[in-house]
Amino acid sequence: INAEYMGGARGVPPGAPGAPLAIQPFVPSLPFPPAALQQLPAVLAQAQPGATMANPPKPATSSCLLLTNLFDPSEETEPDYEEDIKEDVCEECTKYGAILQVHVDKNSAGHVYLKFDGPDGATRTYENLHRRWFAKRMVTAQYITEETFRKVSGL
C-alpha cells in the first residue's frame, strides 16, 4: 500500500472525511483476566486429582438424581400424564439400577426426581441419560442430596 492510497500524500488526515478507513484487528474481551485460563488446570487438579481439560472432574455422587427437561406441562393433554412419565422413566432407569422412589413434578420444567438403592444406580443413570435426547428434548441429570429429594417429593 502506498502513502497516496493511505491519504498521506493527499493531505487528508486519518479519520477525516474522505480518508480511507483504518482496519483495526478484532480483539475479543474476556469476562475474566486472561491469566485465569493459565490457572484452570491447577484448579481442576485440586478439585479432583487427575482432572484435566480433556478429562473434567466428575460431579459428586449420591443415590438421588434430578432429571430435567423430560416434559413440558403446557403440552400435556392427559389428566394423569405424570403416571405415564413415571412409568417411562422407571422402565428406562431400571436398566441402570434399582429405583426406590420416583417423583414427577407437574409444576416444573419437566423435573423428575429419582432415588436409587445406592449411588451406583444413580451414577450409571447419570452417565447414560445426561445430555441425551428424549422426545426432541435434551435431558439433563444432576445429583441431589437425599434431603433435597425428601423436600421436593414429600416422600
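Does Asn69 count as buried, exposed or partly exposed, and at what relative accessibility? At 28% relative accessibility, Asn69 counts as partly exposed, where buried means under 20% relative accessible area, exposed over 50% and partly exposed in between, with a 1.4 Å probe and protein chains only. Asn69 sits in the loop between strand 1 and helix 2, and its phi is near 70°, a positive value in a residue other than glycine.

A word on the ground rules. This is a predicted model, in which local features need pLDDT of at least 70 and side-chain atom pairs count only at pLDDT 80 or more, while totals for chains, interfaces and linings use all residues. Residues are numbered from 1 along each chain as its sequence is written, and side-chain values use heavy atoms, with hydrogens and water left out.

**The chain as a whole**

The chain has four helices and five strands; these are DSSP runs numbered from the N terminus, with helices (H or I) of at least four residues and strands (E) of at least two. Starting at the N terminus, their order is α-β-α-β-β-α-β-β-α. Of the 155 residues, 30% count as buried. Among contacts (heavy atoms within 4.5 Å) with a separation of 6 or more, 59% come from residues 24 or more positions apart. The chain exposes about 10700 Å², and carbon and sulfur atoms supply 56% of this area, computed by the Shrake-Rupley method with a 1.4 Å probe.

**Helix 2**

Helix 2 has 13 residues and reaches 18 Å from its first C-alpha to its last, close to the 18 Å expected at 1.5 Å a residue; the expected span is 1.5 Å times one less than the number of residues. Its buried residues are Tyr81, Glu82, Ile85, Val89, Glu92 and Cys93. They cover an arc of only 95° around the axis, which puts them on the same side of helix 2; the arc is that of the directions from the helix axis to the C-beta atoms. An α-helix has 3.6 residues a turn, so residues three or four places apart point the same way. On the face turned away from the buried side, helix 2 carries the exposed residues Glu87 and Glu91. The cover over its buried residues includes strand 1, strand 2 (99–105), strand 3, helix 3 and strand 4.

What about disulfides? The structure holds zero of them, a disulfide being a pair of cysteine sulfur atoms within 2.5 Å. The sulfur of Cys90 is 7.4 Å from the closest cysteine sulfur, in Cys93, too far for a bond. The table sets out the accessibility of these two residues.

| Cysteine | Relative accessible area | Class |
|---|---|---|
| Cys90 | 23% | partly exposed |
| Cys93 | 1% | buried |

**Helix 3 and its surroundings**

In helix 3 (residues 119–129), the buried residues are Gly121, Ala122, Thr123, Thr125, Tyr126 and Leu129. They pack against strand 1 (64–68), helix 2 (81–93), strand 3 (111–116), strand 4 (132–134) and strand 5 (137–144).

The structure holds two aromatic pairs. One of them joins Tyr126 and Tyr143, stacked at 5.0 Å centre to centre with 15° between the planes. Tyr126 lies in helix 3 and Tyr143 in strand 5, so the pair ties together parts that are 17 residues apart in sequence. Both Tyr126 and Tyr143 are buried. For the cut-offs, rings of Phe, Tyr and Trp (its six-membered ring) pair if their centres lie within 6.5 Å, and planes under 30 degrees apart count as stacked, over 60 as edge-to-face and the rest as tilted.

Just after helix 3, Arg131 takes a positive phi of about 65° although it is not a glycine. Arg131 is found in the loop between helix 3 and strand 4 and is exposed, with a relative accessible area of 54%.
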